[in-house]
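Student: I am new to this structure. Can you show me how to read its features?
Tutor: Gladly. Here it is.

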Amino acid sequence: MVAKANQTIPTTLIFTYGTLKRGFWNHTLLQDLMRTGDASFVGSYRTKESFPLVCGPYRVPFLINSPGSGYRVEGEVYAVTERGLARTDELEGLNNGHYVRLPIDVVDANGGVGGVVVAEAYYAHPSYAMELWRKEGKKKDGGGVINSYSEKEAKGYVKRKDRPQHLSFLDHIRIFLSSSD
């Protein structure tokens with residue numbers, strides 16, 4: 001819950017593992033939401049179970065909904081209002097088939113107490129997720145499955161405004177998946 005002018009606003013906890021985290025390009029959205037009272041930082045968390053986390057086109061990170069594979073992924077949890085959730089959903093392309101938002105169990109990354117927290121995460125859309133994992137999961141040295149999207153993995157990230165605009169993001173994913181590298 002986010003407190004706003006002596007009232008408590010219902011919120012959803014979202015687990016961010018990529019460009020929405022502090023220090024990355026899309027965190028400006030969460031900063032804007034925090035300024036308007038539509039988000040608050042909860043803390044650093046990691047997934048309770050292992051999941052594949054891979055980078056796709058333009059070094060965009062994708063969490064694959066395959067629990068028990070990959071690593072325990074590090075990230076941050078934010079409490080967002082309904083308005084804040086609509087904004088993050090828009091950024092993540094939920095209505096365009098880019099990602100799906102589903103529950104995920106996370107635990108405090110700093111070893112603190114508190115047990116399991118149920119948040120929601122943006123997973124790669126099922127229409128391409130497994131193919132992306134097959135392609136990227138086998139890479140070594142600069143590719144493959146990672147446990148944290150850090151500056152190293154973000155090197156080469158291309159901002160949305162700097163990508164070819166005549167193609168949709170799903171087109172970029174399809175081209176990436178069909179490439180031989």
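Tutor: UniProt annotations may be inferred rather than shown by experiment. Keep that in mind, and note that this is a predicted model.

Student: Which residue does the "active site" annotation cover?
Tutor: The unreviewed UniProt entry places that annotation on Glu92. Glu92 lies in the loop between α2 (82-91) and β8 (99-108).

Student: Is Glu92 buried or exposed?
Tutor: Buried means under 20% relative accessible area. Glu92 has 11% relative accessibility, so Glu92 counts as buried.

Student: What does Glu92 touch?
Tutor: Leaving out residues up to four places away in sequence, Glu92 touches Leu20, His98, Tyr99 and Tyr122.

Student: How should I read a salt bridge?
Tutor: Side chains of opposite charge can pair when their charged atoms come close. A search of the whole structure finds 7 salt bridges. One of them joins Arg22 and Glu76, with the closest N and O atoms 2.9 Å apart. This pair links distant parts of the chain, 54 residues apart. Arg22 sits in the loop between β3 (12-16) and α1 (27-35), and Glu76 in strand β7 (residues 71-80).

Student: How accessible are Arg22 and Glu76?
Tutor: Arg22 is partly exposed at 43%. Glu76 is buried at 7%.

Student: Which residue forms a salt bridge with Arg101?
Tutor: Asp89 does, and the closest N and O atoms are 2.8 Å apart. Arg101 is in strand β8 and Asp89 in helix α2, 12 residues apart. Arg101 is partly exposed at 24%, whereas Asp89 is buried at 15%.

Notes
Residues are numbered from 1 along each chain as its sequence is written. This is a predicted model: local features need pLDDT of at least 70, side-chain atom pairs count only at pLDDT 80 or more; totals for chains, interfaces and linings use all residues. Side-chain values use heavy atoms; hydrogens and water are left out. Helices (H or I, at least four residues) and strands (E, at least two) are DSSP runs, numbered from the N terminus. Buried means under 20% relative accessible area, exposed over 50%, partly exposed in between (1.4 Å probe, protein chains only). Contact means heavy atoms within 4.5 Å. A salt bridge is a side-chain nitrogen of Lys or Arg within 4 Å of a carboxyl oxygen of Asp or Glu.
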